[in-house]
Each structure stands twice: as structure tokens, then as C-alpha cells.
Amino acid sequence: MTCSAVRGACGAVLALVLAMGALAAGPPAAADHVFGDEPLDDVLEHAETHRDCGLSRDELAAMMLAVVWQETGAPRDTAPSPMTLGRWDVQRGLHSFTDPEESPDAFWHAGVGMWQFDSAGSGAHLPISARINSWQAANEAARVMSARYCAAGGSDTDRRRAAWQPWVGCRDTADPCGDWYREHYDAGSDTLRGISRDPEVTRHGGMRHRTCRWASSPVEWDCWYIDPARAQGYAAWADPDWGPTPVALPFYGHHLAVNRQEYRHWIRDDTGYGTGVLVRRRLGDDARHGLEWHGRERLCDTGEERGTC
């Protein structure tokens, strides 16, 4: 029997099929969340490397991604910025020379990057360049979450909450990170879903590689130039009114393995202050209590001939 032969019957059947389809489909699907292209590659690669105790690559990746949106506050249509600098740590020791009025915009942001790794937690051994660079940050996030999940007991939900425990944004009893996770992980097909890529957001997030030296030495070393105005992706945190602490003026960051020190430098070219500012932290120490501030900073950016050259 064809519709041309019995048009009325086929019309009724077609109407019923369409109605059933609309019921099954439910409300329109939410738009994808946007994530940086290279950062997503880094998440997937390190999730594959660190998956353990039954975790699949995409399952661990969804756990890693859930934290990012909760920690950065990035909206659905804008990729989180790898350069994200925390604005809610108000301890006096993070201000230059522990004085909010002294060189006020030479400020040490404690939480850094998409996972907001902090010098008081699992990111204590990482310099700022590693916390911004999503290749290194994703490796640390995958390692921490996988180890905590595998060591925990209880249900899968309990184990995910144990994996997320270091991140304040996930501790709410409403389980916000669980909501993010369930939106982006399809357990039935074991696949990550609902993520679109933004090729304009790279793993460095706007941080730039440079070479530096002390003014009194010919020896050069790798350094990184961090300018909040150049942040890729969601950068509401760079608005001075977004949080209670200052937004740091552009600065150079590096670390020296020989003495396990992390350094941040503000040169006069960027600050306009009467002197440069240098601060250092021993890797592993909490920056809130362990920073050493110095004036008369004498850094030379050898590639750009900036600073004291």
C-alpha cells in the first residue's frame, strides 16, 4: 500500500510518527561548550597516559574538563583561558613588599591557569609557565585526578568527588563538577561529547617565550612574558573590577632548576615605577608566606632588548 493510494491513512501515520519523534527528542540540545584546540588535544593525550583502574581516556578527560569551567567561570560560548590568573587570594604577602600601596600592580597571583593550580596545593612544585602551558598543566591535572580516583572507595560518584577534592569549586554539595561531567561524558558509548574547538586559543594562552639574562651576566636562559591584556579565550578575570585583588602588570616569569627558585620580574618599561621589582619563591613553598621581594630588578629581555640590557 502506498500513500498515493490511501493518502488519508498515511497522513495519520505520518502525523503520529512526527509527534512521537518530537516527544522522544525533548527540548533542544544545549550548544556545545567551547574549548581551546591545542588545550583539548593536551587533555586527551594526558588522559590517555594517566587513565587507570578502569578509567577510560574520555572518562578521565571529562573529569578534567569539569574542573576547568568551574574554576575559570568561562561561559559556554568562550574557551577558558590557559593564562587565567586568580583574583580572589587577598593575603597581604602576595602584594609587593607585603604592602598593597607599594608598587600596587606588581602582584603575585597564587592560582594560575585553567585548573588554577596553587602554590598551596598540588601545583606547589610548578612554576607559572607550567601552570599556564596546557601541555604541562593537563599532565598534572590528569595525574592528580587519576591517582585520587583510584585510591578512593565508594561509588563512582564518590570516587569522582575524591578526585576533585583539591579544587574548591567542586566541593559544593550541589555537585557542580558532577553536572559538568555528566553533560560531557556519555557513559553508554564511552565518549566525550558537547565540546567545540577554538583554534585561536593555543596551549600557551597568549604567554610568549623569550630569552633573558641578568644585566651583569652574559648567560641567557628561557623566560616567559605574561601580559594579561594578551590573554586568549575568556579573560573577564583581567578586568580590574572583576575581583578584589589587582591585575598584575605585564611581567616575566622563569625558574632556575639549579636552586629550585621561581622568579617573577616587573621591568620599568612595563610598570613606569622608579625601579624594577623582583620576587622569588622556592618551588614547593606557599607563596602567601614564602615570597622574597626585591627592588632594583635588573633583568634583560635579550630578544627584544627590553629591561636593563
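## Exercises on Salt Bridges, Disulfides and Cores

Arg203 is partly exposed, with a relative accessible area of 24%; buried means under 20%, exposed over 50%, and partly exposed in between (1.4 Å probe, protein chains only). The model is predicted: local features need pLDDT of at least 70 and side-chain atom pairs count only at pLDDT 80 or more, while totals for chains, interfaces and linings use all residues. Residues are numbered from 1 along each chain as its sequence is written, and side-chain values use heavy atoms, with hydrogens and water left out.

**Exercise 1.** Characterise the salt bridge of Arg306 and Asp270 by distance, location and burial.

*Solution.* 
- Step 1. The N to O distance between the two side chains is 2.6 Å.
- Step 2. Arg306 is in strand β12 (residues 306–307) and Asp270 in helix α8 (residues 268–271), 36 residues apart.
- Step 3. Arg306 and Asp270 are both buried.
- Step 4. Elsewhere, shared partners join Asp89, Asp118, Asp286 and Arg288 into one salt-bridge network.

**Exercise 2.** State how many disulfides the structure contains, and describe the one between Cys53 and Cys150.

*Solution.* 
- Step 1. Searching the whole structure gives four disulfides, each a pair of cysteine sulfur atoms within 2.5 Å. With the bonded cysteines numbered in sequence order, the pairing reads 1-2, 3-4, 5-6, 7-8.
- Step 2. Cys53 and Cys150 are joined with an S to S distance of 2.0 Å. Because Cys53 sits in the loop between α2 and α3 and Cys150 in helix α5, the link ties together parts 97 residues apart in sequence.
- Step 3. The S-S torsion of Cys53 and Cys150 is about -85°, so this disulfide is left-handed. By contrast, the torsion of 100° makes the link of Cys300 and Cys309 right-handed.
- Step 4. Cys53 is partly exposed at 35%, and Cys150 is likewise partly exposed at 27%.

**Exercise 3.** Identify the buried residues of helix α6 and the elements that cover them.

*Solution.* 
- Step 1. In α6 (residues 156–164), the buried residues are Arg159, Arg160, Ala163 and Trp164. They lie on the same side of α6 because their arc around the axis is only 135°, taken from the directions from the helix axis to the C-beta atoms.
- Step 2. The cover includes α3 (57–72), α5 (134–151) and α7 (176–184).

**Exercise 4.** Describe the largest nonpolar core.

*Solution.* 
- Step 1. This core has 40 residues, and Phe35, Met63, Met64, Trp115, Met145 and Trp164 have the most contacts inside it. A nonpolar core is a set of buried Ala, Val, Leu, Ile, Met, Phe, Trp, Tyr and Cys residues joined through side-chain atoms within 4.5 Å.
- Step 2. The elements giving two or more residues to this core are α2 (37–50), α3, α5, α6 and α7. The largest share, 10 residues, comes from α3.
- Step 3. Another core, of 24 residues, lies apart from this one and includes Ala110, Trp224, Ile226 and Val277.

Notes: Helices (H or I, at least four residues) and strands (E, at least two) are DSSP runs, numbered from the N terminus. Contact means heavy atoms within 4.5 Å. A salt bridge is a side-chain nitrogen of Lys or Arg within 4 Å of a carboxyl oxygen of Asp or Glu.
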